[in-house]
Protein chains: 2
Amino acid sequence: MSHYDVLCVGNAIVDILARCDDDFIVANDIKKGAMNLIDAERAELLYSRMGPATEASGGSAGNTAAGIASFGARAAYFGKVSSDHLGKIYTHDIRAQGVAFDTKPLAGEPPTARSMIFVTPDGERSMNTYLGACVELGPDDVEADKAAGAKVVYFEGYLWDPPRAKEAIRLAARFAHDAGNEVAMTLSDPFCVDRYRDEFLELMRSGTVDIVFANEAELKSLYQTSSLEAGLDAIRKDCRLAAVTRSEKGSIILSGGETVPVEAIEIAELVDTTGAGDLYAAGFLFGYTAGKDLAVCGRLGSLAAGLSIQQMGPRPRQNLLNEAEQAGLI
Amino acid sequence: MSHYDVLCVGNAIVDILARCDDDFIVANDIKKGAMNLIDAERAELLYSRMGPATEASGGSAGNTAAGIASFGARAAYFGKVSSDHLGKIYTHDIRAQGVAFDTKPLAGEPPTARSMIFVTPDGERSMNTYLGACVELGPDDVEADKAAGAKVVYFEGYLWDPPRAKEAIRLAARFAHDAGNEVAMTLSDPFCVDRYRDEFLELMRSGTVDIVFANEAELKSLYQTSSLEAGLDAIRKDCRLAAVTRSEKGSIILSGGETVPVEAIEIAELVDTTGAGDLYAAGFLFGYTAGKDLAVCGRLGSLAAGLSIQQMGPRPRQNLLNEAEQAGLI
């Protein structure tokens, strides 16, 4: 029996969120809608130009873990913070959500990672991430009992940016498969895919990864195609199960020869897309590890993502279990 | 000519906001709707019991300064942070809003103040404040040019909690009056009024304070009466100008024999009352220092307060100047 439904592994990042206009994005040479990696010096510069902000724990897989716990499922998390104030905030928030989080914090420098997230009037978020302590995540941080004791080990493609996290992932994947469990990943970002395309394809084709989450842009980047259909055909062959998200067009789930289209939920107002993909994965994996069929998994993903984009910040404030019950999905 | 419209003085506090149910408030012996002063030990305890939170710069007079700047007026602020990460966040946020803030940060302990704010389903906020570096604010922090160069010096009654801030206020008030300018205060909290009733009355009756902001509970506490009418009659005699806020019932402005009732704005959803009184004062003082008549000052206060309570956190994200223009108030 597994002790956890999902173990999530990712860069542990505190988000610093502010609104801005499109001119600001252009003037500051930020790739809109993407995750821009920045160093400490650029972090200082951008912060000096940023408007009044709010802070919230984020990090892609951390948001997914928080979402899974909000659905009432058992989630664990590996991620590296420093033992500074932001690290304490991060640790508090994820544990307070009910996620098992015991990765040893780094003593001293570099500080806990932060991402300055600029939200434009169209609701799109552009992230500027200083990885800080995340660069120290490595195989020593893989707790064997959690890696072997989760129905799914889920990680973010962003983990290929820090130097040694990929070793942690390969080790955790081995624990998972040896225990008869599954491994899932998100492609994270089209530019991240561009940096690590061959390695991501190898993870899928070697069977290191069983389940892949991607949005349309990431899928197209992975296969260097402008055709959604071509991307879908290709990923169907490269992994056992894939969920491709398409914003307001919903998502498409591919499993062998099966294709399951899923609608997005209706929203009142698009406020901030930060965390949308992470919450889709949370809903999907909650359903998947609870044994729901793929259509329900997709609808749970749509629900969580749709709630998250109607508010500022990466993690929805609602109790997702209550929301799923009210939506008649469980 | 004044260099600033309003100089605000207060406890510089980072808010840590989370939702909770009413049972939590009772079980943790928190005075609901009030500002509960706590020490470092209780701060640790409450944080360990708090749910996932978000952080935002707050502090009553700091929120007012941010609001005044958002209306496009010239605001300055005195408040003491430490030179730690929360202090840097506080400094960033208030400066990024356009407020002149140059109070020297404390080197080392105690850390920057934080308030754990629990928001119940009715939208009411219950604050638990660890004053930290605020206890070091004193007369040395009064910048003479700013105190003498603002049309109004505005401070929070909460400043009577730390030991030496009241000396700073008396000094700043002297600079203001010597320059022919005015002094305003908010009574802050009914329990704060209870702690410092005689001193607050002395400030008003001696003419140290010209303008008083109070909500209904604070007014009743000040005069130890259960009658709104009795409170209004009393405060009318004790200060030149008073604005008494009454939540959804709007506000009442008293100036000598004149009484100006003001309606609250209609809101779609009450989310979080944190900062409502602070933003009322911001709108009022923006109008007042721009020479608007009292009815318009009150409506500007209602507008800013009404916007702030429809979102989580203490400072509204909207550009208040645009909002005031759209509402036809300027």
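In which sense do E4(A) and strand E4 of chain B pair, and over how many bridges?

**View 1. Strand pairing between E4(A) and E4(B).** E4(A) pairs with strand E4 (residues 54-57) of chain B in the antiparallel sense, over three bridges. Two strands pair if DSSP finds at least two bridges between them. Ala56(A) has Thr54(B), in E4(B), as its bridge partner. Strands are DSSP runs of E with at least two residues, helices are runs of H or I with at least four, and both are numbered from the N terminus.

**View 2. The contact between chain A and chain B.** Each side is given by its count: 21 residues from chain A and 21 residues from chain B. Residues are in contact if their C-beta atoms, placed from the backbone, lie within 7 Å. On the side of chain A that touches chain B, strand E4 (54-57) and helix H4 (85-96) each supply at least two residues. H4(A) gives the largest share, six residues.

**View 3. The shared surface.** The copies meet through the same surface, because 100% of the interface residues of chain A are also interface residues in chain B.

**Notes.** Residues are numbered from 1 along each chain as its sequence is written, and chains are lettered from A in the order in which they are written. In this predicted model, local features need pLDDT of at least 70 and side-chain atom pairs count only at pLDDT 80 or more, while totals for chains, interfaces and linings use all residues.

Key: Contact = placed C-beta atoms within 7 Å.
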